[in-house]
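Please go through this structure with me as a set of questions and answers, residue by residue where that helps.

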Amino acid sequence: MGKIEILAPAGGFESVTAAVRSGADAVYLGEKLFSARASAQNFDADELKKAVAYCHIHGVKVYVTLNTLVFDDELEKLSQAIICAAEADADALIVQNMGVARLARQIAPELALHASTQMSVHTASGVRALHELGFKRVVLAREMSREEIKKAAEVPVELEVFVHGALCMCVSGQCYFSAMLGSRSGNRGACAQTCRLPFYIKNKGGHALSLKDNSLIAHLNDLQNIGVTSAKIEGRMKRPEYVSAAVRACVEQRDLGFVTDRTAEMLRGVFSRTGFTDGYYKGKLGKEMFGTRRKDDVVSADNKLLSGIRQTYKDEVQNIEISGKFSASLGKQPELTLTDGKNTVTVTSDAVCEAALKVPLSDEKCRAQLCKTGGTAYKINDLKINLDNNISLPLSALNNMRRDALGCLDKKRAVVYNYKINAADLSQGFKPFGKRSNAVRARVAGTKLSPEFKRCELVFAPLFSDIRELARLKSEGYPVGVEIPRGMFGRENQIEAQLEKVRELGITHALCNNIGALYTAKQLGFTLHGGFGLNLVNTLDLLWAEEYGLEDVELSFELTFDRVNRLGGNIPRGIISYGYLPLMLCRSCPVKSEGTDCKSCKNRSVMTDRKGKSFFLKCDGVCTEVLNCVPLYVDKKELSTLSTSFHTLRFTVENYVETVKSIADFNPKSMLKDKITHGLYIRGVE
């Protein structure tokens with residue numbers, strides 16, 4: 001296996017040059033639209049072509065991010081964004097959802113696809129599913145441990161791991177906090193960083209959702225040894241000086257085995273949140289992972305430090321070694337050939353070699369002029385010169401030939417793929433669904449249910465419920481299925497074993513919230529039901545779901561009612577109509593920010609914000625869901641206007657599921673003192 005790739009972020013062109021000149025092997029960047037860092041500078045069509053050309057000339061790859069959720073009314077613009085990336089000759093697209101991947105394959109079938117970390121892939125089964133779906137690379141969730149990454153590396157597909165930068169509290173792709181509180185969707189690149197605000201468990205003024213920055217730079221060689229292809233630096237919204245310092249640190253660690261003191265000082269100074277953590281990688285999830293950006297962290301990045309870093313990348317780097325030959329004969333036009341080993345160019349001069357009247361042209365003079373490649377990507381290592389005796393040629397002719405040859409080499413190196421591009425077809429399958437049904441489903445947190453739940457179309461109980469209780473529900477006539485945990489970290493074998501036990505009971509319906517769960521359940525012959533965690537928001541997503549074999553899907557609750565009704569495809573679909581919506585899925589539990597352990601928590605903890613609002617924390621032993629402070633509720637009249645096949649009552653912390661008297665006419669208003677929300681179904685998201 002070759003050296004691990006150092007992959008740098010670029011929010012603007014200065015960050016591109018900082019990354020390349022600091023030694024990056026690849027950069028990732030976003031277009032103006034459909035980037036998960038919408039507030040970064042990002043690149044329009046011309047800027048993208050310029051950035052890709054510059055990187056390719058230097059032998060650096062470019063991955064373009066289209067890693068946001070895209071609605072049906074945006075698909076024409078998405079098509080243009082895919083075409084733009086293909087025309088710019090990008091090396092790959094980074095995508096979040098399967099609908100975008102489906103369209104990209106239609107438009108530019110040869111353009112490689114990388115699965116974004118926004119796809120929430122955190123298991124070997126998820127990696128395997130994407131490999132079989134034709135993805136070239138999978139960007140793993142930041143929360144995975146070394147052993148989990150190692151297991152994923154057994155799948156023959158490229159893996160990319162974040163090795164430095166900010167840590168979101170929530171598993172990427174599963175955060176709805178910013179969207180729910182202010183309509184700024186993290187899944188759409190508009191995150192308001194709600195998690196950096198004060199939240200506390202017991203002690204006021206705490207920051208229960210703010211983690212220190214991640215740093216696995218010290219583990220770079222270990223990651224390389226276990227099979228990781230790419231070491232990714234987070235930070236498209238950070239300044240070029242940060243990009244340069246982080247890239248240099250990674251390059252030094254990989255190539256030297258350590259980071260020099262000077263580079264380490266630069267990296268610490270340019271950005272940190274009370275230091276760094278490698279807690280997820282080591283499997284040590286405790287209070288020491290949490291941190292905030294303090295005043296002394298901010299002032300540490302002073303002008304002197306930043307100026308010093310800028311000096312390290314102000315000059316063009318000559319990282320491409322080339323060779324060539326120059327020949328000049330009396331009465332003929334001189335000829336210069338240069339090659340990088342793959343591309344070869346030959347240029348001639350308009351000038352004709354004449355007999356020398358005074359000082360003849362020498363090998364040394366030719367070499368001196370032709371090897372002046374400063375300000376370019378090239379360094380001439382070997383130049384063979386063949387001159388007639390006693391000839392003369394203007395030095396300007398030599399300079400012009402050098403510039404012309406290097407310019408031709410630039411053009412050849414800038415375009416690597418020259419993709420075939422097809423017109424997008426957005427006509428098939430886009431006729432609105434139009435069917436309406438008020439079938440009721442329930443997702444429950446336990447197995448003690450009132451008999452009224454037998455009236456549900458399906459009732460999904462937790463997969464790891466007591467097997468005897470699941471058998472009882474089945475025998476008593478409940479239409480029971482199981483929900484595979486949204487956070488599957490480190491327990492794939494247990495999940496597979498439990499699914500086999502459940503199947504022996506005759507329970508064959510599985511609610512799946514990520515691609516790994518879908519893959520596992522599909523392999524075991526379960527009927528697949530897509531959960532909200534799949535973030536299905538457009539018709540192309542639904543067409544993919546049907547093609548993959550899903551029976552039906554639960555739509556993302558970031559859709560408005562209007563967008564729900566305009567969705568095409570034939571697959572049955574539904575919405576969550578009641579419940580304390582999960583705003584975050586966390587592997588590092590907020591409770592531990594204040595040093596509380598699991599024994600004293602007893603899965604009854606509540607988190608409070610600066611306004612005094614309380615958010616339930618629901619733990620399954622591996623991951624914790626942060627639930628909204630008020631429940632969602634959609635009444636029967638509103639449901640009757642929707643082109644949906646079912647709606648789901650999502651019970652989590654309620655204590656009345658044993659006494660529910662009516663499922664068809666369920667109305668929680670009389671039982672709840674708190675106000676009820678429509679969530680995002682009416683106001684929508686940015």
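Q: Where does Gln193 lie?
A: This is a predicted model, in which local features need pLDDT of at least 70, side-chain atom pairs count only at pLDDT 80 or more, and totals for chains, interfaces and linings use all residues. Residues are numbered from 1 along each chain as its sequence is written, and side-chain values use heavy atoms, with hydrogens and water left out. Helices (DSSP H or I, at least four residues) and strands (DSSP E, at least two) are runs numbered from the N terminus. On that basis Gln193 is found in the loop between α7 (177–182) and β8 (199–200).

Q: What is the phi of Gln193?
A: Most residues other than glycine have a negative phi. Gln193 is not a glycine, yet its phi is positive, at about 55°.

Q: What is the relative accessible area of Gln193?
A: Buried means under 20% relative accessible area, exposed over 50%, and partly exposed in between. Gln193 is partly exposed, with a value of 43%.

Q: Which loop holds Asn535, and is Asn535 buried or exposed?
A: Asn535 sits in the loop between β22 (527–530) and α19 (539–548). Phi of Asn535 is positive, near 55°, in a residue other than glycine. With a relative accessible area of 3%, Asn535 is buried.

Q: Why is helix α1 described as largely enclosed by the rest of the structure?
A: Helix α1 covers residues 13–22. The buried residues in α1 are Ser15, Val16, Thr17, Ala18, Ala19, Val20 and Ser22. The helix is largely enclosed because the buried residues number seven of the 10.

Q: Which residue follows α1, and what is its phi?
A: The residue after α1 is Gly23. The phi of Gly23 is positive, near 110°.

Q: Which residues are in contact with Thr520, leaving aside its neighbours within four places in sequence?
A: Thr520 belongs to helix α18 (residues 515–523). At 10% relative accessibility, Thr520 is buried. Its contacts, with those sequence neighbours left aside, are Ser125, Met488 and Leu499.

Q: How far apart are the C-alpha atoms of Lys3 and Arg254?
A: Lys3 lies in the segment before β1 and is exposed, at 58% relative accessibility. Leaving aside neighbours within four places in sequence, Lys3 is in contact with Gln224, Arg254 and Asp255. Lys3 and Arg254 are 251 residues apart along the chain, and their C-alpha atoms are separated by 7.8 Å.

Q: How many salt bridges does the structure hold?
A: A salt bridge is a side-chain nitrogen of Lys or Arg within 4 Å of a carboxyl oxygen of Asp or Glu. One of them joins Lys238 and Glu234, with the closest N and O atoms 3.0 Å apart. Lys238 is buried at 16%, and Glu234 is buried at 8%. The count of salt bridges in the structure is 34.

Q: What separates the closest N and O atoms of Lys282 and Asp278?
A: Lys282 is partly exposed, with a relative accessible area of 47%. Asp278 is partly exposed too, at 21%. The two form a salt bridge in which the closest N and O atoms are 3.5 Å apart.

Q: How many residues apart are Lys636 and Asp665?
A: The side chains of Lys636 and Asp665 meet in a salt bridge, 2.8 Å from N to O. This pair links distant parts of the chain, with Lys636 in helix α22 (residues 636–639) and Asp665 in the segment after β30 (646–650), and the separation is 29 residues.

Q: Which residues do salt bridges that share partners join into one network?
A: Lys636 is partly exposed at 45%, and Asp665 is partly exposed at 48%. Elsewhere, shared partners link salt bridges into one network made of Glu5, Arg137, Glu158, Glu160 and Lys232.

Notes
Buried < 20%, exposed > 50% of the residue type's maximum accessible area, 1.4 Å probe, protein only. Contact = heavy atoms within 4.5 Å.
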